[in-house]
Amino acid sequence: MPSKGKLSALYFSPTGSAKKAAVAAAGAMAEKLGAAYKAIEYIDYTQKANRDIEYRFSRGDIAVFAMPVYAGRIPNIILPALKANVIGNATYAVPICVYGNRSYGDALRELILLLEQNGFLPISAAAMVSEHAFSDKIAKNRPDQADLALLRAFAQRTAEKLIQGKAHALDIDRKKEIEPYYTPLKAGGERASFLKAKPVTDKSRCTRCGICAAACPMQSIRKAEPCIVEGICIKCQACIKCCPNKAKHFDDADFLSHVKMLENNYAKPNDSLFMEN
């Protein structure tokens, strides 16, 4: 059993799936570890302001990290903040990636290696299937209750190893270069290019409530005029998912063709992966 410390869950979760996984895993670990780790510190890395804060973790602490997979990798927009501001000291870590049923690519290994470089000791890891951010036709409503039950059981096994003093570093390939980001394709197989695409707004539906501006992890939507997206768009779909009036959507032809390709090829349910030592 590690010496008394804190249990934390840090997540970047524009559409909620990573947060759901982080909360489930951390909660299950807290149940198993007992009173010493009952109070869980939740860090919402989706909020831009939180990514500017330095977080330091000590020996004896346990940290769950949950991230979505973008094109087979950890979202590159948050990598600098993770590398600079999230520091461990032989801190036990449980990295989790959620992916939209296509592939988690090299994202999980990338997260494990990043955490190791920053002073953490990843002792188990998971890649969870989640509803694709681009389409609710792909892994709809996942992670579902069955997925979360598997995740909680995995988290409790990890906690049990900590209690027994049997937790140690994951056995992964640390020498191989991280794979490049996945190249999105159109429905016909050609390369899709939608890097500059931004959501558009149906002004007849928009009430200027500001919910989308608050949800945007890049703070790219103008609060006073949410029809205007003036900054970087990472296609996370947060603004689209949170709008109560369904006022936002993408109309970029390449983006829509890519979504169709995903729906045509990745509707068949996949399984989640659990890495344990």
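**Close-up 1. The lining of the second largest cavity in the predicted model**. Thirteen residues, written here as 13 residues, line the second largest cavity, and Cys206, Cys209, Cys212, Cys243 and Ala247 are nearest its centre. Its volume is about 80 Å³. Eight lining residues are nonpolar, three polar and two charged. A cavity is a set of points, on a 1 Å grid over the protein atoms alone, where a 1.4 Å probe fits but cannot get out; lining residues have an atom within 4 Å of a point. Points are joined across faces, edges and corners, and a volume is the space filled by probe spheres set on them. Nonpolar means Ala, Val, Leu, Ile, Met, Phe, Trp, Tyr, Cys and Pro; charged means Asp, Glu, Lys and Arg; the others, Gly among them, are polar.

**Close-up 2. The largest cavity**. This cavity holds about 110 Å³ of space. Of its 15 lining residues, Cys216, Cys233, Ile234, Cys236 and Cys239 are closest to the centre. The lining has 13 nonpolar residues, one polar and one charged.

**Close-up 3. The largest pocket**. A pocket is an open set of points with protein on both sides within 12 Å along at least five of seven lines. The volume of the largest pocket is about 1,000 Å³. Its lining counts 42 residues, with Tyr70, Ala71, Phe134, Phe194 and Ile234 nearest the centre. By class, 24 are nonpolar, 14 polar and four charged.

**Notes.** Residues are numbered from 1 along each chain as its sequence is written, and side-chain values use heavy atoms, without hydrogens or water. In this predicted model local features need pLDDT of at least 70 and side-chain atom pairs pLDDT 80 or more, while totals for chains, interfaces and linings use all residues.
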